[in-house]
Amino acid sequence: MNYEKEINELKEWFLNEKKADIKDFNDFLEYSLWRGLFNGSLMTKVPFTKANCEKLFKEFQSPVKRTAKILGLTYKELAEQIGYTEGTLKNTVSKKIISLSLIKTLEILVKNHELTKKNEELEKELFAYKNK
């Protein structure tokens with residue numbers, strides 16, 4: 001499916017209402033695509049509506065929420081991985097007191113996840129190549 005109209009609407013909404021720049025929009029668009037806002041399958045995960053854009057934007061703005069979604073973890077699981085308690089992590093998110101060290105830790109966790117997935121893909125390719 002072609003989502004050019006919806007993407008243009010999203011861009012206009014994001015740049016005008018959220019007063020963000022194009023780099024932030026591109027990051028948000030990538031996140032929106034990942035979350036299924038523009039899903040061509042019959043089982044669309046997240047329909048394209050302004051309300052869903054607002055919800056995704058709130059998620060996108062919170063490094064903790066974004067990381068939990070990307071990694072498919074609950075707050076409890078994420079907290080355990082970074083040495084927090086679930087309560088402390090929830091409190092941090094609700095009070096919006098996210099330290100630079102927490103942000104860096106979350107970025108490293110996501111990067112590690114991406115590299116692990118890439119490594120698994122390469123190992124599968126190598127195994128297939130060796131067994132030709």
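Which residues does Thr92 touch, not counting residues up to four places away in sequence? The legends below refer to a predicted model.

View 1. Setting aside residues up to four places away in sequence, Thr92 touches Tyr84, Ile97, Ile98 and Leu102. The relative accessible area of Thr92 is 9%; buried means under 20%, so Thr92 is classed as buried. Thr92 and Val64 are separated by 28 residues in sequence, and their C-alpha atoms lie 8.9 Å apart in space.

**View 2. Helix α7, residues 100-130.** With 31 residues at 1.5 Å a residue, α7 should span 45 Å. The end C-alpha atoms of α7 are 44 Å apart, which agrees with that expectation. Buried residues in α7 are Leu102, Leu106, Leu109 and Val110. The cover over the buried residues of α7 includes α4 (63-71), α5 (75-82) and α6 (86-95).

**View 3. Contact of α5 with α7.** Two packed helices are described by the angle between their axes and the distance between the axes. The axes of α5 and α7 come within 11 Å and cross at roughly 100 degrees. Because angles of 65 to 115 degrees count as roughly perpendicular, α5 is assigned that orientation relative to α7. On the α5 side, the contact is made by Leu78, Gln81 and Ile82, and on the α7 side by Leu102, Thr105, Leu106 and Leu109. By class, the residues of this contact comprise five nonpolar and two polar, with no charged residue. Leu102 of α7 belongs to this contact and is also one of the residues that Thr92 touches.

Note on methods. Residues are numbered from 1 along each chain as its sequence is written. This is a predicted model: local features need pLDDT of at least 70, side-chain atom pairs count only at pLDDT 80 or more; totals for chains, interfaces and linings use all residues. Side-chain values use heavy atoms; hydrogens and water are left out. Helices (H or I, at least four residues) and strands (E, at least two) are DSSP runs, numbered from the N terminus. The expected span of a helix is 1.5 Å times one less than its number of residues. Buried means under 20% relative accessible area, exposed over 50%, partly exposed in between (1.4 Å probe, protein chains only). Contact means heavy atoms within 4.5 Å. Axes are lines fitted to C-alpha atoms, for helices over the stretch in contact, and angles run from 0 to 180 degrees between N-to-C directions. Angles under 35 degrees count as roughly parallel, over 145 as roughly antiparallel, 65 to 115 as roughly perpendicular and the rest as oblique. Ala, Val, Leu, Ile, Met, Phe, Trp, Tyr, Cys and Pro count as nonpolar, Asp, Glu, Lys and Arg as charged, and the others, Gly among them, as polar.
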